[in-house]
Amino acid sequence: QYLSGNEIRQKFLDFYAQRGHTVLPSASLVPEDPTVLLTIAGMLPFKPIFLGQRSPEFKRATTSQKCIRTNDIENVGRTKRHHTFFEMLGNFSFGDYFKEQAIAWGWEISTKVFGLPSERLVVSVFEDDDEAYAIWRDKVGVSETHIKRMGEDDNFWASGPTGPCGPCSEIYYDFYPERGDDIDLEDDTRFIEFYNLVFMQYNRDADGHLTPLQNKNIDTGMGLERMAQILQAVPNNYETDLIFPIIKTAAEIAGINYAQSDEATQVSLKVIGDHVRAVVHMIADEIHASNVGRGYILRRLIRRIVRHGRLIGIEGEFTTQVAETAIALAESAYPEVRQQEDAIKAELQREESRFLKTLARGEDLLSEIVEKVKQQGKTQIDGRDAFTLYDTYGFPLELTQEIAAEHNLTVDEAGYEAAMSEQQTRSQEAHETIDLTVQGSLDKLAEEIKVTEFVGYTQFSSTAVVE
Ligand code: ATP
Ligand code: MG
Ligand code: MG
Ligand code: MG
């Protein structure tokens with residue numbers, strides 16, 4: 001059954017409200033938690049409750065939480081399901097109901113409220129979680145072919161090396177059940193993860209020992225855009241009613257048609273659709289473009305919008321016009337967005353015109369470089385020059401290559417990479433890095449901008465990079 005994004009959100013909140021959950025508004029994208037830059041999951045505003053630092057006002061809550069995950073930035077437009085900005089629908093139990101009830105409701109809302117055929121659902125459980133396995137098989141009636149045991153990376157959640165943690169269980173939708181019972185959940189042409197149920201049941205001590213928690217908690221997350229993709233029967237999240245109108249506006253400005261565009265153009269339109277939503281909500285939550293922290297994330301997202309606009313043939317300023325569509329889409333669920341309309345447009349306008357000037361200066365420099373190369377009778381632009389264009393003028397390599405190609409020139413990519421890694425070595429030497437993450441992994445963007453960053457839902461990073 002077709003449901004709009006707004007209807008899906010409402011049905012989720014209503015379902016859990018009817019089951020004793022207090023509906024709370026989305027928290028700001030700017031978290032209270034100082035260890036993360038942006039709100040990356042529905043549970044983040046409740047983290048102090050889960051950690052036992054604050055006592056809950058309610059035993060059960062449900063929210064639709066604005067989230068931003070910059071660790072998915074490279075996936076944007078390339079996978080069918082990842083965004084920087086998305087909405088996470090969640091139901092939470094603070095020492096109240098636990099595994100069996102969370103699973104039963106998770107299944108009920110998926111199959112009854114959203115009407116997904118049960119034979120199209122596959123569930124994952126943590127490899128050691130026999131309890132969850134048995135609930136899915138015996139209480140819910142899922143066949144064993146459709147219950148998959150998965151490892152720690154996907155199916156165990158911890159908020160850090162010590163503290164509350166526990167296994168999780170996820171629900172996947174199968175787009176092609178006719179392909180049979182040989183199920184590989186990694187195959188994202190066939191399956192999409194849409195609902196994660198986290199069973200916070202242990203405390204992990206410094207030796208890695210797990211002891212059962214007195215108060216067990218439930219934390220869940222369902223991706224609104226993913227449920228919309230499924231229910232609206234569109235090929236990806238971007239073509240849902242939550243995002244596609246933004247893409248249409250951008251395509252109109254560029255004078256092109258999404259459906260008739262080639263792959264690269266569609267990726268650019270998807271990046272614009274995603275990032276415009278992100279920046280509209282970020283500015284509505286009073287983030288300002290700058291060179292540090294979340295302000296730099298905002299700046300980088302705006303620049304990517306502008307750059308992809310140029311890649312699809314938009315010459316002048318266009319971000320405020322596209323933002324208008326995003327504001328109209330968001331306002332019923334997030335009134336703060338309309339209230340901040342003027343601030344959003346002013347910020348976008350300022351950043352965009354500034355960046356366009358930088359780009360123009362870069363273009364001038366590039367013309368000089370092209371002339372020089374031609375005069376010398378060469379056919380290749382120096383990698384170092386390409387790097388300067390990137391580093392100082394925000395010219396990504398592809399843009400330089402594209403312009404070079406117009407003059408029948410190529411770019412020395414190896415030289416560009418060498419200049420890039422030389423600079424990275426220099427900046428590494430200049431910064432002392434303290435990495436406190438469980439896996440010690442820093443996401444690319446965090447590395448680039450030297451800030452605290454989130455590395456995944458399965459753990460909260462307390463990566464601190466000290467300059
Ligand atoms: P994936 O494996 O697809 O990257 P995940 O396991 O990282 O997803 P969780 O951390 O479990 O995602 O988040 C809970 C839910 O939030 C997911 O099941 C999904 O529906 C949604 N979600 C997570 N990341 C994104 C994203 N980048 N864009 C859109 N929805 C997302
Ligand atoms: Mg996953
Ligand atoms: Mg998950
Ligand atoms: Mg992920």
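## Helix α13

Welcome to this predicted model. Let's begin with helix α13, which spans residues 383-393 and has D385, A386, F387 and L389 as its buried residues.

## Three domains

Stepping back, the domain assignment of the protein lists domain 1 (5-231), domain 2 (243-359) and domain 3 (378-430). If you compare the C-alpha centres of domain 1 and domain 3, you will find them 42 Å apart.

## Strands β7, β8 and β9

Now let's follow some strands. Strand β7 (residues 163-174) pairs with strand β8 (residues 191-204) in the antiparallel sense, over 10 bridges. To see one point of contact, look for I171, whose bridge partner in β8 is Y195. Y195 also has a bridge partner in β9, namely M222.

Strand β9 covers residues 210-223 and runs antiparallel to β8, with 9 bridges joining the two. Another pair to find here is L197 and its bridge partner in β9, T220. β8 and β9 form a hairpin, with 5 residues between the strands. In the turn sits G208, which has a positive phi of about 90°.

## Where β3 joins in

Strand β3 (residues 85-94) is antiparallel to β9, and 5 bridges join them. For a landmark, find F94, which stands opposite N217 in β9.

Technical notes: Residues numbered from 1 in each chain as written. Chains lettered and ligands numbered in written order. Predicted model: local features only at pLDDT ≥ 70, side-chain atom pairs only at ≥ 80, totals over all residues. Buried ≥ 20, exposed ≤ 12 C-beta atoms within 10 Å, placed from the backbone. Helix = DSSP H or I, 4+ residues; strand = E, 2+ residues; numbered from the N terminus. Domains from an automatic or database assignment. Pairing = 2+ DSSP bridges.
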